[in-house]
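Please read them with the structure open.

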Amino acid sequence: MSCAYYRLSKTRARTIVEEVRVAVRGWRDQARHCQARGTEIAAMEAVIDPER
């Protein structure tokens, strides 16, 4: 983890990571709601993975 670089404790860094994961979990549905094309969603899948 790069938590030391950001001057965060490991506990706080893990909390932030989990908050971000929760925030992006529904990104595909939101993308569809915003009428994103299938090709756009496929491109985003390469970089948006809430379980990573």
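1. Glu19 is partly exposed, with a relative accessible area of 46%; the classes are buried under 20%, exposed over 50% and partly exposed in between, with a 1.4 Å probe and protein chains only. Glu19 sits in helix α1. Its C-alpha is 12 Å from that of Glu51, although 32 residues separate Glu19 and Glu51 in sequence.

2. This is a predicted model, in which local features need pLDDT of at least 70 and side-chain atom pairs count only at pLDDT 80 or more, while totals for chains, interfaces and linings use all residues. Residues are numbered from 1 along each chain as its sequence is written, and side-chain values use heavy atoms, with hydrogens and water left out.

3. On confidence, the protein chain has an average pLDDT of 90, and 96% of the residues score at least 70; pLDDT is the predictor's confidence in each residue, from 0 to 100. Helix α1 (residues 10-24) has the lowest confidence, with a mean of 92, and helix α2 (residues 27-33) the highest, at 94. Where pLDDT is low, the predicted coordinates should not be read in detail.

4. The protein chain contains three helices and zero strands, in the order α-α-α from the N terminus. The radius of gyration of the protein chain is 14 Å, well over the 10 Å that the globule rule gives for 52 residues, so the chain is more spread out than a compact globule. That radius is taken over C-alpha atoms, and the rule is 2.2 Å times the number of residues to the power 0.38. Helices here are DSSP runs of H or I with at least four residues, strands are runs of E with at least two, and both are numbered from the N terminus.

5. The C-alpha trace of the protein chain spans about 40 × 15 × 15 Å along its principal axes. Of the 52 residues in the protein chain, 12% are buried.

6. How many positive and negative side chains does the protein chain have? There are 10 positive and 7 negative, and the centres of the two sets lie 8 Å apart. Lys and Arg count as positive and Asp and Glu as negative, without His or the chain ends; each charge is placed at NZ of Lys, CZ of Arg, CG of Asp or CD of Glu.

7. The structure holds one aromatic pair. Tyr5 and Tyr6 form this pair, edge-to-face, at 5.0 Å centre to centre and with 85° between the planes. Rings of Phe, Tyr and Trp (its six-membered ring) pair if their centres lie within 6.5 Å, and planes under 30 degrees apart count as stacked, over 60 as edge-to-face and the rest as tilted. Tyr5 and Tyr6 are both exposed.

8. Two backbone angles deserve a look. Arg7, in the segment before α1, has a positive phi near 60°, and Gln35, in the loop between α2 and α3 (38-45), has a positive phi near 65°. Most residues other than glycine have a negative phi. Arg7 is exposed at 79% relative accessible area, and Gln35 is exposed at 70%.

9. Glu45 belongs to helix α3 and is partly exposed, at 38% relative accessibility. Glu45 and Trp27 are 18 residues apart in sequence, with 9.5 Å between their C-alpha atoms.
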